[in-house]
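Please read it alongside the sequence and coordinates shown here.

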Amino acid sequence: MAAETLDEPAREGEFLELTDKISRERGFRCANYKDKCLRRRIAVRMRARGVEGYGAYAALLDEDAREFDQLIDALTINVTKFFRNPDVFDAIAREIVAPLWDRTFDSRIDVWSAGTASGEEAYSLAALFHQHADTVGELARIERVRVLGTDIDRRSLDAATRGAYAETAFSDSPAALRQRYFSTAPPYAVAEELRRMVTFARHDLLHEARPGPPVDLLVCRNVLIYLDRDAQERLFRLFAASIVPGGTLVLGKVETLFGPMRTSFATVDPRARIFRRV
């Protein structure tokens with residue numbers, strides 16, 4: 001038992017050195033993420049490579065750049081698909097897209113997909129606006145809609161920019177939307193009409209100011225659940241500063257607003273986690 005007790009501080013020291021290495025060399029600031037989540041995802045990669053000990057894994061990262069990429073993928077939780085949680089996208093179309101389209105007849109509509117991963121969410125939002133414009137016979141005005149997708153992971157952003165996806169990305173997609181906006185053979189390429197609406201950029205939500213002017217719609221789903229409370233509150237302040245009065249915030253289905261910034265938003269749809277900036 002004494003040996004185990006003596007070993008524990010050493011293991012903890014190696015863990016802190018590893019997380020400092022990740023933050024320093026790849027810009028992924030581990031200190032803001034929930035400790036259990038961070039340790040669990042690092043452990044998954046260590047088991048996958050058959051490595052025991054944080055020090056040995058840090059040495060592996062020095063030797064194998066591809067493993068470092070795999071680790072960052074694991075830490076940034078790049079799990080997404082088109083129209084993930086279809087009921088949420090139905091609510092966005094009903095509660096946000098249609099009213100916003102009518103309310104801003106002559107002005108630009110700015111949409112921000114924060115933590116967009118490989119771009120499925122950003123393209124899904126663009127498709128909602130494009131479909132609405134088509135339905136009301138106003139496609140000539142679709143160029144006023146601009147969707148920005150941001151993420152901290154450059155590899156994911158490269159995939160988003162390529163805009164070509166495997167079959168698995170469409171398991172939640174309405175068949176009609178897939179047929180309308182993607183090529184007919186794999187890898188399924190995003191139609192040019194959606195590409196023109198969407199741009200992608202690297203952005204660190206926790207340590208950078210908003211990447212553009214205030215937006216009409218900000219969607220940030222399933223990011224908060226991995227962050228500690230201080231980091232969550234910083235994001236809420238960023239969200240409040242990034243959305244125009246009357247604009248809308250959409251969070252993940254198990255996320256909600258709390259703390260002082262809660263008074264900056266009114267609930268629109270509690271099930272879909274839609275909030276309006278007051």
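Which element supplies the largest share of the lining of the largest cavity? That share, 5 residues, comes from H5. The model is predicted, so local features need pLDDT of at least 70 and side-chain atom pairs count only at pLDDT 80 or more, while totals for chains, interfaces and linings use all residues. Residues are numbered from 1 along each chain as its sequence is written, and side-chain values use heavy atoms, leaving out hydrogens and water.

**Cavities**

- The largest cavity holds about 50 Å³ of space, a volume being the space filled by probe spheres set on grid points that are joined across faces, edges and corners.
- Its lining includes Glu95, Arg103, Asp216 and Arg276, and helix H5 (86–103) and strand E7 (243–251) each supply at least two of the lining residues.
- By class, the lining of the largest cavity has 3 nonpolar, 2 polar and 4 charged residues (Ala, Val, Leu, Ile, Met, Phe, Trp, Tyr, Cys and Pro count as nonpolar, Asp, Glu, Lys and Arg as charged, and the others, Gly among them, as polar).
- The second largest cavity, of about 30 Å³, is lined by Phe28, Tyr33, Cys37, Leu38, Arg41 and Leu75.
- Helix H2 (residues 35–48) gives 3 residues, the largest share of the lining of the second largest cavity.

**Second largest pocket**

- The second largest pocket contains about 170 Å³ of space; a pocket is an open set of points with protein on both sides within 12 Å along at least five of seven lines.
- Of its 14 lining residues, Arg108, Asp110, Val111, Leu148 and Pro213 lie nearest the centre.
- Strand E1 (109–114) and strand E2 (145–151) are the elements that give two or more residues to this lining.

**Overall build**

- The protein chain has 10 helices and 9 strands, which are DSSP runs numbered from the N terminus (helices H or I, at least four residues; strands E, at least two).
- The radius of gyration is 21 Å, close to the 19 Å given by the globule rule for 278 residues, so the chain is as compact as a globular protein of that length; the radius is taken over C-alpha atoms, and the rule is 2.2 Å times the number of residues to the power 0.38.

Notes:
1 Å grid on protein atoms, 1.4 Å probe; cavity = no way out; pocket = protein on both sides within 12 Å on 5 of 7 lines; lining within 4 Å.
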